[in-house]
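Subject: Structure handover

Hello,

Please find the structure below. My notes on it follow.

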Amino acid sequence: MEKRIVQVYFGTGKGKTTAAIGQCIRAISMDEQVIVIQFLKGKDREDLRCLDQFEENIKVVRFEKFVGNFRDLSPREQEEEKINLQNGFNYAKKVVEIGECDLLILDEILGLIDLGIVKTEDVIHLLETGRESCNMVLTGQNLPEDLLTYVDIASRLESVKDSEKGKL
C-alpha cells in the first residue's frame, strides 16, 4: 500500500478551502472517492454546489443546523450546534475506521479545536487511525504545535492584501 499523506492548509489568509477542494478535484481525476466534511460553515452549502456534478466520486456533508457564524449564535444555539459538530467529527472517525474513501477533507476542523469542541488529542487519534485508510486534508486558522508531528505537508496561507474590490 502506498504511503498516505496528511496535508494541512492553515492561517489567517483566504483560500484554505479552495486549496483543499483543489486536492479534491485532483483525486476525482484519478477516479478516487472523496468525502468532504465541512465544519463551522453553517448549514448552507451553496458555495460547493458545483461539486454536485461529481456525485459519483464526491460526497459533501455538513452537520450544522443553523445558518451563519457559530460565534453569532445564542448560547443555547451554540450548545445545540456543538452536538451537531461533534456528530460530524464522529462521522469522520467512522469514515476512516471503515476506509470509506481515498481522500477525506476536514474543512475547518482546526476551528473545532480553537473552540474547544474537539481536543487536539482527538484529531491526532483520527490522523493515526486514518493514515492507513485514506489521504487527509485539514483546514483552519491555527495549527496546534502538537498536531504538526502527525502532518506530512503544512501550508500557511496569509493575506498580503485583502480588499473587497480585489475579491476573487
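Which residues gather in a patch of negative charge on the surface? They are Glu121, Asp122, Glu145 and Asp146. A patch is built from residues with over 30% relative accessible area and no salt bridge; like charges are joined within 9 Å, and nonpolar side chains (Val, Leu, Ile, Met, Phe, Trp, Tyr) within 5 Å. Asp and Glu count as negative, Lys and Arg as positive, while His and the chain ends are not counted. A charge is placed at NZ of Lys, CZ of Arg, CG of Asp or CD of Glu. Accessible areas come from the Shrake-Rupley method with a 1.4 Å probe, and for residues only the protein chains shown count as cover.

Before going on, a word on the source. This is a predicted model: local features need pLDDT of at least 70, side-chain atom pairs count only at pLDDT 80 or more, and totals for chains, interfaces and linings use all residues. Residues are numbered from 1 along each chain as its sequence is written, and side-chain values use heavy atoms, with hydrogens and water left out.

Back to the patch. Helix H4 (120-130) and helix H5 (145-148) each supply at least two of its residues. Asp122 sits in helix H4. Its relative accessible area is 34%, so Asp122 is partly exposed (buried is under 20%, exposed over 50%, partly exposed in between, with a 1.4 Å probe and protein chains only).

Now the overall layout. The protein has five helices and six strands. These are DSSP runs, numbered from the N terminus: helices are H or I with at least four residues, strands are E with at least two. From the N terminus on, the order is β-α-β-β-α-β-α-α-β-α-β. Of the 168 residues in the protein, 46% are buried.

Next, salt bridges. The count is four, where a salt bridge is a side-chain nitrogen of Lys or Arg within 4 Å of a carboxyl oxygen of Asp or Glu.

- Glu100 lies in the loop between helix H2 (75-98) and strand S4 (103-107), and Lys59 in strand S3 (residues 58-62), so the pair ties together parts 41 residues apart in sequence. Glu100 is partly exposed at 34%, and Lys59 is partly exposed at 37%.
- Glu79 is partly exposed at 45%. Lys82 is partly exposed at 25%.
- Arg156 is exposed at 55%, and Glu158 is exposed at 54%.

How many disulfides are there? The count is zero, a disulfide being a pair of cysteine sulfur atoms within 2.5 Å. Cys134 is in no disulfide; its nearest cysteine sulfur, that of Cys101, is 4.5 Å away. Cys134 is buried, with a relative accessible area of 1%. Cys24 is also buried, at 0%.

One last item concerns Lys161. This residue lies in the segment after strand S6 (153-156). Lys161 is exposed, at 72% relative accessibility. Lys161 and Gly13 are 148 residues apart in sequence, yet their C-alpha atoms are 9.2 Å apart in space.

Best wishes
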